[in-house]
Amino acid sequence: MPALVDVQGLVKHFPGERALLGLGRPRAVVRAVDDVSFAIAPGETLGLVGESGCGKSTVGRAILRLIEPDAGRVTIDGQDVVALGARPLRALRRRMQIVFQDPYGSLNPRMTVRQMLAEPLAIHRIASGADAQRRIAALLEEVGLDPSFAQSYAHELSGGQRQRVGIARALSVEPHFLVLDEPVSALDVSIQAQVLNLLAELQRGRRLTYLFIAHDLAVVRHIADHVAVMYLGKIVERAPAPALYAGPRHPYTTSLLSAVPVPDPKAQRQRIVLAGDVPSPAHPPPGCPFHPRCPHPKKDARCRTEPPALREVAPGQLAACHFAEQPL
Amino acid sequence: MSVWTWLTLGGAAVLALAVVAELRRRLQTSAPGRRFFRHPTAALGLFVLAFFVTIALAAPVVAPYPPYYQIDIGHPNRPPSAQFLLGTDPFSRDVWSRLVYGARVSLGIGTLAMLVAATVGTAVGAVSGYFRRWVDATLMRLVDVGLAMPRIFVLLMAVALWEHIALWALVLLIGLTGWFGTSRLVRAEVLSLREREFVAAARALGAGAGRVIFRHVLPNAAAPIIVSGALGIGNMMLLEAGLSFLGLGVPSPAPSWGNMIADGWHKMAVAWWSSTFPGLAISLVVMALNAVGDALRDALDPRREAA
Amino acid sequence: MTEPLLRVRDLKTYFVTEQGSGTARAVDGVSFEVQPGETLGIVGESGCGKTVTSLSILRLIPEPPGHIRPGSVIEFEGRNLLTLEPRELRAIRGNQIAMIFQEPMTSLNPVFTVGDQIAEAAIVHQGLSRRVARTRAIDMLRLVGIADPEERVDHYPHQMSGGMRQRVMIGMALVCHPKLLIADEPTTALDVTIQAQILELLDRLQAELGMAVMLITHDLGVVAGSADRVAVMYAGQVVEQAPTAALFARPLHPYTEGLLASVPRLDAPPAREHGRLHSIPGQVPAATAWPDGCRFHPRCPYAWERCRAEMPPLLDAGGEGEPGTHTVRCWLLTEPRRRTPHP
Ligand SMILES: Nc1ncnc2c1ncn2[C@@H]1O[C@H](COP(=O)(O)OP(=O)(O)OP(=O)(O)O)[C@@H](O)[C@H]1O
Ligand SMILES: Nc1ncnc2c1ncn2[C@@H]1O[C@H](COP(=O)(O)OP(=O)(O)OP(=O)(O)O)[C@@H](O)[C@H]1O
Ligand code: SF4
Ligand SMILES: [Mg+2]
Ligand SMILES: [Mg+2]
């Protein structure tokens, strides 16, 4: 099946601001996203995981052109997103949408839920008047909110309710592809499951394609068909979810998996505790970006000098490690 | 005559009190409203403003004499008395009546000039902050120049070249030289708002620049604009008064508080009242505006929402 | 049983809210004990009163708007902290009981070096000279695993990463060798790999220094790995308390049960053969309007009339150990056959 979303060689660097009120030396360029490629088949979910600052949100925003990518090709629904002019891009926005991490910051505090849901309908001339009201009520019902919430302002809603409004707003234009940028990270534990179930149902009902960004590997395992692991702006491992969780090939993936706390006192596994901190993407280490923290016993001079390529190690499973054949 | 003067004066005061009391009652239900009235001088400031606005609006009723009427050319500079509440000026005109009509001019010019400044400043700031890059660089250089410019001096030059300046031109001049600060403020606000996720969400939904600016960014920047506007009116009034005092603003015989001070100035020794009362009026109103602006800042600052 | 190090009994901390929307009963009748050397995990969702509980123990509640209600008891080594003079209290705070806060970014002072901040407590409580305290600060940095402590001691907080700042906070808390460390979500703001480092560090330090730890978190995984006993909080109350193994093996309160079932986990068979996750319906109530009766009843699948009418007390659940080791605030314990969900 041809992919619905195809990303090739995506690059986004943020220029360093000058320190000291614009007089100092310019800071180093932040390589937020450095040559990222993946594809998502229609109706499937790609989970994108990695630690804070590794560039996950930047990938999500760049493929929707909410920020301009520096290089790379992004195809969504057969259209080249990067080359699109302003007007066709706005038309394409009907097919691709985004739900944000912060349910408090992503809703306009001065608008009611009704106004927020009516706006996209007006922008794309999808519906107006009574028809729009009917659609708004249906949307609210679909995301599990009482229609009476249409009158509410964001600050009158709980975190889970706000996130539902954010999802309803994204769905209002009937997109095919949704970027979910950490949609449950800010929610209470007992509310996360509600929203995850809702997202799964919507995906089945509407045949949606998801890019699901998260830092929680357990959540990603629950929802994703394929998983890509990012470290310092690069994808270090990409595989079908069952393969990745059963047999991670990159030492970073292995460490990440072992660091997730498991809510079972009997099943406390041996944690691999990585030394040091996540380096800054402004100064990525040479060679393999993971080498200063890598616990792999075979780690050698090659790791410090030669950047490993992302290559297929097992059928469908790609890893960027010189020793991917001998995983931890 | 004098009974009527007292009656209207008292009536205006009572009306102003009623306005403040009613506002207080209505706003008490909202948290920002309560914060507003918690400011120690907010209610007093509001009262002073309401009082002057009332007499300005009802000037023909409140003023015992027409503002230009020279009562008795032979006996100018009469001291305050039951008949002439605040005395008469060197041209034998009733100071109270002129003060009342002057309120129209002074408050009106201050408010209108501020509206001009706020509109231009908001537009420039919003465009600059939203589009950034060269648009921002160009506009902000312009603002830098504007802020560095000695405003009084430029106004003096412009007005001096322009004999008998029309009121609307004066309003425009004061307004158009007073928006630079507002534009900086709005730009800073817009720069931070445009990074907020709800703005990204609007863009992701396909909203164009105009919609994003007017529906999403500016409504959320309203609070600081309003506060700076309230604080700015006082400045505009002082500027107008200064120009009028120098004889370059509102042309005589039309009464403005500034030229009233000028009219009485050289007779200060024998008739202190004809300059002092308009001066007091300006001071009172400016202080009241500052108090109200300050209280608005308390009320609208969302960081206080949590407390 | 030995004398507990800390005993909290019927702690009630209320806040009078400004909006006039009533009193927030943030902590409402909480009781627990911490034995010397053990780790007590306190879990619960945002707003359930975890931070207010720990601040109450150190009497750091801002008054007003908050106040600790009369009748509450907080005993540390047999002394009631609530009746101590401020001077006596200061001698305990930071010395015998230390606390690390939720936000590593904002709880360090940006204008002092980390060395000065660590040394401060040692100077105040133990009367060390500046020079000795500095050596002590370097030792603490080494203890919490910061490389080049001699150099780092003169760095400012902004020169350090989030994980390092949290280590500095831990160093500050431990400099006087406290008997009790209160760690309020020490890893919530951190990445998984850094979280693993910090938890490992806390485990090691506890073993080395023999102190008791109150580990506050919302992550059941974190308590499962680190705590000896767990208290689950909901809506300002402890709803279940048990030894860690018992709690995870036999969760009895419907909230604990629901919480455990609703988190996706790495060790369970993948639910993505697209089963739904179990989910607790409804939302967390506000502290100004806890529901009547059992506070969990609007979200509870088993609730019946009694739950709506009467607040359940902490009931003994039996099981291993002496009575009172596993307690649950739920009427189901009196009528176990009702443990079948309504349709
Ligand atoms: N507008 C920007 N200007 C400069 N640098 C930026 C900008 N946006 C992001 N960055 C930098 O790019 C890197 C990647 O950021 P990004 O937000 O994509 O990370 P993330 O993986 O989504 O992290 P998180 O889990 O914290 O959301 C970070 O180092 C960040 O500081
Ligand atoms: N200063 C305060 N004034 C009013 N209410 C307060 C204050 N501090 C806390 N509260 C209320 O007390 C309740 C408990 O808050 P607390 O900070 O203890 O929650 P928590 O369990 O630590 O949550 P989190 O996981 O978000 O840190 C909350 O509902 C909060 O609104
Ligand atoms: S007391 Fe009732 S409502 Fe409360 S948890 Fe137990 S069964 Fe549920
Ligand atoms: Mg992000
Ligand atoms: Mg807390």
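**Figure 1. Charged side chains of chain B in the predicted model.** Chain B carries 25 positive side chains and 16 negative ones. The centres of the two sets lie 7 Å apart.

**Figure 2. The helical fold of chain B.** Chain B has 13 helices and zero strands. Read from the N terminus, the order of elements is α-α-α-α-α-α-α-α-α-α-α-α-α. Along the principal axes, the C-alpha atoms fill a box of roughly 75 × 50 × 25 Å. Chain B has 307 residues, and 50% of them count as buried. Take the contacts in chain B between residues at least 6 apart in sequence: 71% of these join residues at least 24 apart.

**Figure 3. The contact between chain B and chain A.** Chain B contributes 15 residues to this contact, and chain A contributes 25 residues. Together the two chains bury about 1800 Å². Carbon and sulfur atoms account for 52% of that buried area. On the chain B side, B:E197, B:A204 and B:L205 lose the most area to chain A. Together these residues make up 36% of what the chain B side buries.

**Figure 4. A salt bridge between A:E119 and B:R211.** How many salt bridges are counted between chain B and chain A? The count is three. One of them joins the side chains of A:E119 and B:R211. Its N to O distance is 3.1 Å.

**Figure 5. The interface of chain C and chain A.** Here 50 residues of chain C are in contact with 46 residues of chain A. The area buried between the two chains is about 3800 Å². Carbon and sulfur atoms give 57% of it. Across this interface, the rule finds zero salt bridges.

**Figure 6. The surroundings of C:L199.** C:L199 sits in helix α7 of chain C, which spans residues 192-209. Is C:L199 buried or exposed? C:L199 counts as buried because its relative accessibility is 3%, and the cut-off for buried is under 20%. Which residues does C:L199 contact, leaving aside its neighbours within four places in sequence? Within chain C, they are C:T187, C:V222 and C:S226. From chain A, A:R271 is also in contact with C:L199. C:G225 lies 26 residues from C:L199 along the chain, and the C-alpha atoms of these two residues are separated by 8.9 Å.

Technical notes
Residues numbered from 1 in each chain as written. Chains lettered and ligands numbered in written order. Predicted model: local features only at pLDDT ≥ 70, side-chain atom pairs only at ≥ 80, totals over all residues. Heavy atoms only, no water. Helix = DSSP H or I, 4+ residues; strand = E, 2+ residues; numbered from the N terminus. Buried < 20%, exposed > 50% of the residue type's maximum accessible area, 1.4 Å probe, protein only. Contact = heavy atoms within 4.5 Å. Lys, Arg positive; Asp, Glu negative; His and termini not counted. Charge placed at Lys NZ, Arg CZ, Asp CG, Glu CD. Buried area = accessible area lost by both parts, 1.4 Å probe. Salt bridge = Lys/Arg side-chain N within 4 Å of Asp/Glu carboxyl O.
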